[in-house]
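This report describes a helical packing arrangement and the charged pairs that accompany it. Please consult the sequence and the model shown below while reading.

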Amino acid sequence: MNIKKLYLEFTRLSEYLKSVSLLLARLLIAYGFYTPAMNKWADIGAVAEWFGSMGIPFPLLNAYMAASTEIAGVILLTLGLLTRLISIPLIIVMIVAIVTVHLPHGFSAGDNGFEIPLYYMIFLLGFVAHGAGKFSLDRFIFGEKN
């Protein structure tokens, strides 16, 4: 068997990992949003004050919007429901987090840089592009092409 045939066979077999990897990625990202979402809801007033101190307009409204988006993301990503759709506002939350909090610290996660939010954005972009995979309510409700 030559290299090209071997690689094509490997590629064919690798397709079986697609939905498992999408499921694991969804669960990982949902878990990553869980604690920040719960912390925001635990003291939304303090979050609004913090947002205001950074110059974010309408800090209370934006605190509720960020917390709501994150908790909706946790639920929907876990279920694999409306995965492509919820990924877009979560990407926006990550852009705001990068610009307002992480960018001044550089790239490194160890220095509170934008590394982790950037990784989240890349995963979320993958969900927009590929959907939730076989192991999702999207697939069950909307069919195979989701």
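At what angle do helix α3 and helix α4 pack, and how far apart are their axes? Helix α3 (residues 44-53) and helix α4 (residues 59-79) pack at an angle of about 120°, and their axes are 8 Å apart. The model is predicted: local features need pLDDT of at least 70, side-chain atom pairs count only at pLDDT 80 or more, and totals for chains, interfaces and linings use all residues. Residues are numbered from 1 along each chain as its sequence is written, and side-chain values use heavy atoms, with hydrogens and water left out.

**Overall architecture**

The chain has seven helices and zero strands; helices (H or I, at least four residues) and strands (E, at least two) are DSSP runs, numbered from the N terminus. The C-alpha trace spans about 65 × 35 × 20 Å along its principal axes. Of the 146 residues, 33% count as buried, where buried means under 20% relative accessible area, exposed over 50%, and partly exposed in between (1.4 Å probe, protein chains only). Among contacts with a separation of 6 or more, 61% come from residues 24 or more positions apart, a contact being heavy atoms within 4.5 Å.

**Helix packing**

Axes are lines fitted to C-alpha atoms, for helices over the stretch in contact, and angles run from 0 to 180 degrees between N-to-C directions. Helices α3 and α4 are therefore oblique to each other; angles under 35 degrees count as roughly parallel, over 145 as roughly antiparallel, 65 to 115 as roughly perpendicular and the rest as oblique. The crossing of α3 and α4 is right-handed. On the α3 side, I44, V47, A48, F51 and G52 take part, meeting P59, L60, N62, A63, Y64, A66 and A67 of α4. This contact of α3 with α4 comprises 10 nonpolar, two polar and no charged residues.

Helix α4 also packs with helix α5 (residues 83-102): their axes come within 10 Å and cross at roughly 145°. The crossing of α4 and α5 is left-handed. Residues T69, E70, A72, G73, L76 and L77 of α4 make the contact with T83, I86, S87, P89, L90 and V93 of α5. By class, the contact of α4 with α5 has seven nonpolar, four polar and one charged residues.

**Salt bridges**

The structure holds two salt bridges, each defined as a side-chain nitrogen of Lys or Arg within 4 Å of a carboxyl oxygen of Asp or Glu.

| Salt bridge | N to O distance | Relative accessible areas |
|---|---|---|
| E9 and R12 | 2.6 Å | E9 29%, R12 43% |
| K40 and E70 | 3.2 Å | K40 13%, E70 3% |

E9 and R12 are three residues apart in helix α1 (residues 3-14), so about one helical turn separates them. E9 is partly exposed, and R12 also counts as partly exposed. For the other pair, the side chains of K40 and E70 meet in a salt bridge. This pair links distant parts of the chain, with K40 in helix α2 (residues 18-42) and E70 in helix α4, 30 residues apart. K40 is buried, and E70 is buried.

**The loop between α2 and α3**

D43 is found in the loop between α2 and α3. With a relative accessible area of 44%, D43 is partly exposed. D43 and A63 lie 20 residues apart in sequence and 10.0 Å apart in space, C-alpha to C-alpha.

Terms used:
Left-handed = near helix turned anticlockwise from the far one by under 90°. Nonpolar A, V, L, I, M, F, W, Y, C, P; charged D, E, K, R; others polar.
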